[in-house]
Amino acid sequence: MTCWDILSDYGLRSLGFGERLLPRDNFTICQQVVLIGSGMIWNIYFGLLALVSGFFLAVATAVGKSHHNPMFRKPAEWFIFVFRGSPLFIQFFFAYFTFQSLKGAYPIFTPLTSAWLGALIVLFLNTAAYSAEIFYGALMSIPKGDIEAADAYGMSGWKRFRRITFPTMLRLAWPAYTNEAIFLFHATTLVFMSGFPARSQMGDALYYASYFADKTFNPFIPYPILAGFFILLTLTVIGTFGLINKQLNRHLPQTNRAKIRLRLNLIR
Amino acid sequence: MAAIFSFCSDPASLEGIEWLSCYLTTGKHLGIYWSIGTVLLLLAITAPVALFFGFAGASAARSRILPIAWFGKGYTAIVRGVPDIAFFLFFVIALDQFFEWIRHEVKCPDWDMPIRQGNDFVVCPEAKLPLGTAPQWVHETYGFSLAVLTFAIVFGAFAANVLSGAMRAVPHAQLETAEAYGMTQRQTFWRVLVPQMWVYALPGLSNLWMVLIKATPLLFLLGVEDIVYWARELGATKTAKFTDYPHGDWRMWYFLALLVFYLGFTKVSEVVLDKIMSRLTRGQATAAGEAQRKAAA
Amino acid sequence: MKTLILSTAIAALAAGAALAEGHGATVRMGTEGAYPPYNFINDAGEVDGFERELGDELCARAELTCEWVTNDWDSIIPNLVSGNYDTIIAGMSITDERKQVIDFTENYTQPDPSAFVAVAGNDVDLAGAVIAAQAATIQASYVAEMGATLLEFATPEESIAAVRNGEADAVLADKAFLAPVVEAEADLAFTGDDVLIGGGVGMGVRQSDTELRDKFTAAIQSMKADGSLNAMIAKWEIGEQF
């Protein structure tokens, strides 16, 4: 069996296509690379969707936290505190528990107990809380002059937010937000590890890596393969965010452009 | 293990508070209380060690000698690129084997059997870490030390990242002035750069501390019986056959207690770190220092 | 850090020297501690169960000093081959897969049937059902191969909880493990036929440790011969006797 066959048999195994059974003996490196890579589809799925959807909630929460009215401020503060103050591990546990009772009461909630939706919701809330704190910090450090200039132009309310506050906030928050994105992708490995059950052996990269570690009793091959995949993913994230950063800063004079510095500001 | 309260000899006859007080003081529950101490101790040791690794990594990355610089940069880049769970799952065993292999080379030069026999990793008995004859607490201490070292290596990479950012943030003019005063490279580094970088590093480092707290549930992957291990074990359904305190699935309550523990710990850390930050910024020429000055005036 | 390891090593050396005078090396027995009646942690926080009693008796017969260690199920074999303990005594069935990596002593239980448990009164069509199992067990592989939808959980506790709250239609696990659960909970019941998967439970040892394996095998044989093993199996309701 060539590596090419293995790729067509197992390349999409994590989504349920291809061979029904996982390899059980005579494990090859190729099988391990292909299956662990197949599992990466889920890591990317969780990371990407949670990041995009979490972005909007994060902006709303950050604005809420900076609001003078406690009716908006307090809920935002508590939301951020609970999700940043507790391990993701425990959040997954409670989410799975809650979703199960919801499902028991109303069958409409059935999909919530599956990882593709349930875990996504937890990751969405989690990354929203972390990003909200980053955006809040950025909102607080917007130069006062920018806002005053907007006032002078007669901008106010939504227009001022859209044209001045929001872009400046994004620009200031971007390096820290890049870190958050990296750690969100790393956190996706916890989904099947501790939170949600894997169905029909469809799991993420870590699931397949531990499958091979369990079958071959040798952790020194599958986990480094997993590590390799994640280094590639991390580099891609850094590259993509770097391009966006360039775009965000394009109006600034060359010397003032904030070079993307991967300083660890907010991570999980 | 004798019960702490005298009335605990027949738990089945007890109710309410008495039952609960007996239940919460079983030897098994002492295990979870003990593990809280383990987690706190781990944090207390890991934080300075990781900071040291981070400092070494950041200084190495700045080095003029290329291989050292590559090593420093490679360390931060690789370790940060890998999810910590993946790292924990194979690294501890590798580290353990590495130590035993070194001891083996030193202590048993005459050993003629291969170290890898099929799947087995076999070193001479004198090189085992800890020795096969050592009591259990030595094994536990050794396992704990390995866990500390692994955590420190992982979080050291993040700390290195924060510290090298902080080193770059120190105004360049400061370093040039030092040079103008005739300080050597080494002197500039230790007398000018290092004392000034902390205020820039603290926000990143305090975040790192928060992250470290929240990474402790991964300890059970490293073979240390931590609070999450015990919460799972204690909360699981117990049938009357194997315990005097049968109960249903109580994991919810145990995890709720863990949640409160972590939230409380985070809150306390936030308060303390805020205090340190305002102490550090006092008199500094940063925006926050300026704000402090204005508020006082 | 360095000093910590060093002082640990020194302490280990000192303690080792002191012990070596008394008796031979300690045999470290690795178990999971979460699989009653085979092994579990009792109220006092100590390893208890069928295998605890059996292991202590085997050590006495083989004239070995034994010490009990718990380890996560997922990494129980890698830690054995890497030398962190000397035996696995954790309800581990003897399989060809495992035999490629570690050696087993003679089995000390008859091949233990695995059984399905479902909500009482539910007639489950097992082949088309959703079946829960603990990840990385022979039962998990079995379910995957029989064509049912496998739902994998990290602990046996969670796999039973999945049936209780309707996540899964049934759970597959060792019958001896499920029996006390079914007994205690009226709404759960055995369903379908039992299946024979493993080759009985044995103690796992490193392949290079043939001496230790033979000692334990001899002790197991002597317990089989004088009937004390059967008595223990009956006491803990492990299943078929020898």
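**Entry 1: chains A and B**

A salt bridge, as I count it here, is a side-chain nitrogen of Lys or Arg within 4 Å of a carboxyl oxygen of Asp or Glu. With that rule in hand I went to the boundary of chain A and chain B, and the count there is zero salt bridges. A reminder to myself before going on: this is a predicted model.

How much area do chain A and chain B bury between them? I get about 3,600 Å², with 75% of it on carbon and sulfur atoms. Polar contacts do turn up, and I noted six residue pairs across this interface, both partners at pLDDT 80 or more. On the side of chain A, the elements giving two or more residues are α3 (70–85), α4 (88–105), α7 (157–187), α8 (190–195) and α10 (222–248). Seven residues come from α10(A), the largest share of that side. By class, the side of chain A that touches chain B divides into 25 nonpolar, eight polar and four charged residues. For the contact list, I wrote down 37 residues of chain A against 40 residues of chain B.

**Entry 2: chains B and C**

The contact takes 49 residues from chain B and 54 residues from chain C. The two chains bury about 3,900 Å² between them, 57% of it on carbon and sulfur atoms. Which residues of chain B lose the most area to chain C? They are D120(B), T133(B) and F242(B), together 17% of what that side buries.

The salt-bridge rule finds three across this interface. I looked up the one where the side chains of K241(B) and E183(C) meet, at 3.9 Å from N to O. On the chain B side, α2 (27–62), α4 (84–107), β2 (120–121), α5 (136–169) and α8 (227–235) each supply at least two residues. I then asked which element gives the most to that side, and α5(B) does, with nine residues. The classes for the side of chain B that touches chain C are 21 nonpolar, 14 polar and 14 charged residues.

**Entry 3: a glutamate of chain C**

While in chain C I stopped at E185(C), which has its place in the loop between α7 (175–184) and β12 (188–196). Is E185(C) buried or exposed? I have E185(C) down as buried, because its relative accessibility is 16% and the cut-off for buried is under 20%. Setting aside neighbours within four places in sequence, I found E185(C) in contact with T237(B) and R164(C).

**Entry 4: the two domains of chain C**

Last stop, inside chain C. The chain is divided into domain 1 (27–110 + 200–236) and domain 2 (113–196). Their C-alpha centres lie 25 Å apart. I listed twelve residues of domain 1 in contact with ten residues of domain 2. The two domains bury about 860 Å² between them, 53% of it on carbon and sulfur atoms.

How many salt bridges join domain 1 of chain C and domain 2 of chain C? I came back with zero. Polar contact between these domains comes to two residue pairs, both at pLDDT 80 or more. The side of domain 1 that touches domain 2 has six nonpolar, three polar and three charged residues.

How values were computed. Residues are numbered from 1 along each chain as its sequence is written. Chains are lettered from A and ligands numbered from 1 in the order in which they are written. This is a predicted model: local features need pLDDT of at least 70, side-chain atom pairs count only at pLDDT 80 or more; totals for chains, interfaces and linings use all residues. Side-chain values use heavy atoms; hydrogens and water are left out. Contact means heavy atoms within 4.5 Å. Buried area is the accessible area (1.4 Å probe) that two parts lose on being put together, summed over both. Helices (H or I, at least four residues) and strands (E, at least two) are DSSP runs, numbered from the N terminus. Ala, Val, Leu, Ile, Met, Phe, Trp, Tyr, Cys and Pro count as nonpolar, Asp, Glu, Lys and Arg as charged, and the others, Gly among them, as polar. Buried means under 20% relative accessible area, exposed over 50%, partly exposed in between (1.4 Å probe, protein chains only). Domain bounds come from an automatic or database domain assignment. A polar contact is a pair of N or O atoms within 3.5 Å; within protein, one must be able to donate a hydrogen and the other to accept it, and residues adjacent in sequence count only if both atoms are side-chain atoms.
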